[in-house]
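This report covers one protein chain, from its overall form down to a single residue. The sequence and model come first.

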Amino acid sequence: MLSVEKHHPDGRREIVFPDQTIKYLYPDGREESIFPDGTVVKLSESGEKTVEFNNGQREIHTSQYKRREYPDGTLKTVYSNGRQETKFPSGRVRIKNKDGIIIIDKK
């Protein structure tokens, strides 16, 4: 089975792959992919990537960091220099250096 491509009047292209993944390509450079399991991946014209998982988690990738957002409000960020930061809903913040050693853990 081959992929099917549709061209819409607004300039958007839609590609449906054999595994039922759907990819939208927008004229301004944005992209959006919807996978059969419900995962949605969006790529902005600036290169920022957002992944929305079907379990409610969300991941944001930029050139400076990767951040995962959990449904309970926890945020885990890994910076390009290797530093890791976790912010919990309780207000607790834990920071690890690039080697994984905790340097700050304030409650």
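A polar contact is a pair of N or O atoms within 3.5 Å; within protein, one atom must be able to donate a hydrogen and the other to accept it. The model discussed here is predicted.

## Overall form

The protein chain holds 12 strands and zero helices. Its C-alpha trace spans about 55 × 25 × 25 Å along the principal axes. The radius of gyration is 18 Å, whereas a compact globule of 107 residues would have a value near 13 Å.

Contacts with a separation of 6 or more include 0% between residues 24 or more positions apart. Of the 107 residues, 23% count as buried. The accessible surface comes to about 7,200 Å², and carbon and sulfur atoms account for 50% of this area.

## Annotated segments

An unreviewed UniProt entry carries the annotation "domain: Centromere protein J C-terminal", which covers residues 27-61 and 64-95.

Residues 27-61 are 46% strand and 0% helix, with their end C-alpha atoms 22 Å apart.

## Thr-77

Thr-77 sits in strand β9, which runs over residues 75-79. Because its relative accessibility is 3%, Thr-77 counts as buried; the cut-off for buried is under 20%.

The side chain of Thr-77 makes a polar contact with the side chain of Arg-67 at 3.0 Å. Leaving aside residues up to four places away in sequence, Thr-77 touches Tyr-65, Lys-66 and Arg-67, as well as Arg-83, Gln-84 and Glu-85.

Methods
Residues are numbered from 1 along each chain as its sequence is written. This is a predicted model: local features need pLDDT of at least 70, side-chain atom pairs count only at pLDDT 80 or more; totals for chains, interfaces and linings use all residues. Side-chain values use heavy atoms; hydrogens and water are left out. Helices (H or I, at least four residues) and strands (E, at least two) are DSSP runs, numbered from the N terminus. Buried means under 20% relative accessible area, exposed over 50%, partly exposed in between (1.4 Å probe, protein chains only). Contact means heavy atoms within 4.5 Å. UniProt positions are given in the numbering used here, feature names are shortened, and annotations may be inferred rather than shown by experiment. The radius of gyration is taken over C-alpha atoms; the globule rule is 2.2 Å times the number of residues to the power 0.38. Accessible areas come from the Shrake-Rupley method with a 1.4 Å probe; for residues, only the protein chains shown count as cover.
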